[in-house]
Structure formats: structure tokens, C-alpha cells
Amino acid sequence: MNLALWITAGLLAAVALLGGITKTFIPKEKLAAQHGGEWTGNAGTGFVKTLGILELLAAVGLILPTVLDIAPFMVPVTALCWILLMVGAMVTHGRLGQFKLVMVNSIYLLLAAFIAGGHLAA
């Protein structure tokens, strides 16, 4: 079970890191021109960058507390926050009719639920 939690946390952290870097450092106009990034056209630059920073923090929060054995309770807290973020992403993509992306976000949500549940049960 511990290995499965590590693999899942690593995978989700990689997703969060990639999404965070993209939203934080790529201009909003360029994101809006890409499939899946259309929502950024109607969002403020500060909002998009804030989401990016939150995703970068999630990448750190899913791995570092357990690795350093400092505040390991932050891993399930981070996973629960990721679930909330994915609910928002699913609603946003659903409103745009991007149902494949809704499914991708639901998979990320399930991974986060596994991490939160696994750490809270331990």
C-alpha cells in the first residue's frame, strides 16, 4: 500500500508541477490558444497565475512532507485541496463542452482521493 501511495503521489505531483509551470510562466494569451486552455481567455492573468502557483505548491505538498518527515499530515490536506481544484476544473471544462478533459480531471481527482484516504487511514 505504501508503494502505491508513493507512486500515485509522484504521478500527481508531476501533473501538478507541469500544470503549475505552464500556468505560472506561459503567457495567458498563449494558453488560451491551446486546446484545454480556452478557459484562460475569460480569466484574469492574476487568477491564472495564482492557480499555477497553487499547483506548484501542491506538487511540493504531495511529496516533501513525507520525504522530510516534517508535518506529514500536509500530504492528505494537499490531496484534499487538489480534489477541490479538480472539481473546479471539471465544472469549467464541462461548461465549455470539453468532456474528455472532465474525464482527465476526474482521474486526477480519484488519484488525490486515493492519496488522501491512504494517508488518513494510516
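## Basis of the model

The model is predicted: local features need pLDDT of at least 70, side-chain atom pairs count only at pLDDT 80 or more, and totals for chains, interfaces and linings use all residues. Residues are numbered from 1 along each chain as its sequence is written, and side-chain values use heavy atoms, with hydrogens and water left out.

Helices are DSSP runs (H or I, at least four residues), numbered from the N terminus.

## Helix packing

Two packed helices are described by the angle between their axes and the distance between the axes. Here axes are lines fitted to C-alpha atoms, for helices over the stretch in contact, and angles run from 0 to 180 degrees between N-to-C directions. Angles under 35 degrees count as roughly parallel, over 145 as roughly antiparallel, 65 to 115 as roughly perpendicular and the rest as oblique. A crossing is left-handed if the near helix is turned anticlockwise from the far one by less than a right angle, and right-handed if clockwise.

H1 and H3 pack with their axes 7 Å apart, at an angle of about 155°. H1 is therefore roughly antiparallel to H3. The crossing of H1 and H3 is left-handed. Helix H3 (residues 45-68) also packs against helix H4 (residues 74-95), with an angle of about 150° and axes 8 Å apart. This makes H3 roughly antiparallel to H4. The crossing of H3 and H4 is left-handed. H1 also crosses helix H5 (residues 99-121), at roughly 135°, and the axes come within 10 Å. That angle makes H1 oblique to H5. H1 passes H5 in a left-handed crossing.

## The salt bridge

The structure holds one salt bridge, a term for a side-chain nitrogen of Lys or Arg within 4 Å of a carboxyl oxygen of Asp or Glu. Its partners are Lys-23 and Glu-55, whose closest N and O atoms are 3.0 Å apart. Lys-23 lies in helix H1 (residues 2-25) and Glu-55 in helix H3, so the pair ties together parts that are 32 residues apart in sequence.

Are the two partners buried or exposed? Residues are called buried under 20% relative accessible area, exposed over 50%, and partly exposed in between (1.4 Å probe, protein chains only). Lys-23 counts as buried because its relative accessibility is 18%. Glu-55 is buried as well, with a relative accessible area of 6%.

## The nonpolar surface patch

Trp-6, Val-60, Leu-64, Val-67, Leu-68 and Ile-70 make a nonpolar surface patch of about 550 Å². Patches are made of residues with over 30% relative accessible area and no salt bridge; like charges are joined within 9 Å, and nonpolar side chains (Val, Leu, Ile, Met, Phe, Trp, Tyr) within 5 Å. Accessible areas come from the Shrake-Rupley method with a 1.4 Å probe, and for residues only the protein chains shown count as cover.

Helix H3 supplies the largest share of the patch, four residues.

## The loop between H3 and H4

Most residues other than glycine have a negative phi. Where are the residues with a positive phi of about 55° and near 55° found? Asp-69, with a positive phi of about 55° although it is not a glycine, is found in the loop between H3 and H4. Ala-71 is found in the loop between H3 and H4, and its phi is near 55°, a positive value in a residue other than glycine.

Asp-69 counts as exposed, at 59% relative accessibility. Ala-71 counts as partly exposed, at 30% relative accessibility.

## Residue pairs apart in sequence

Ala-14 lies in helix H1 and counts as partly exposed at 44% relative accessibility. From C-alpha to C-alpha, Ala-14 and Leu-56 are 9.6 Å apart in space, while they are 42 residues apart in sequence. Ala-58, in helix H3, is buried with a relative accessible area of 8%. Ala-58 and Trp-82 are 24 residues apart in sequence and 7.2 Å apart in space, C-alpha to C-alpha.

Gln-98 is found in the loop between H4 and H5 and counts as buried, at 10% relative accessibility. The C-alpha atoms of Gln-98 and Leu-51 are 19 Å apart in space, and the two residues are 47 residues apart in sequence.

Terms used:
Helices (H or I, at least four residues) and strands (E, at least two) are DSSP runs, numbered from the N terminus.
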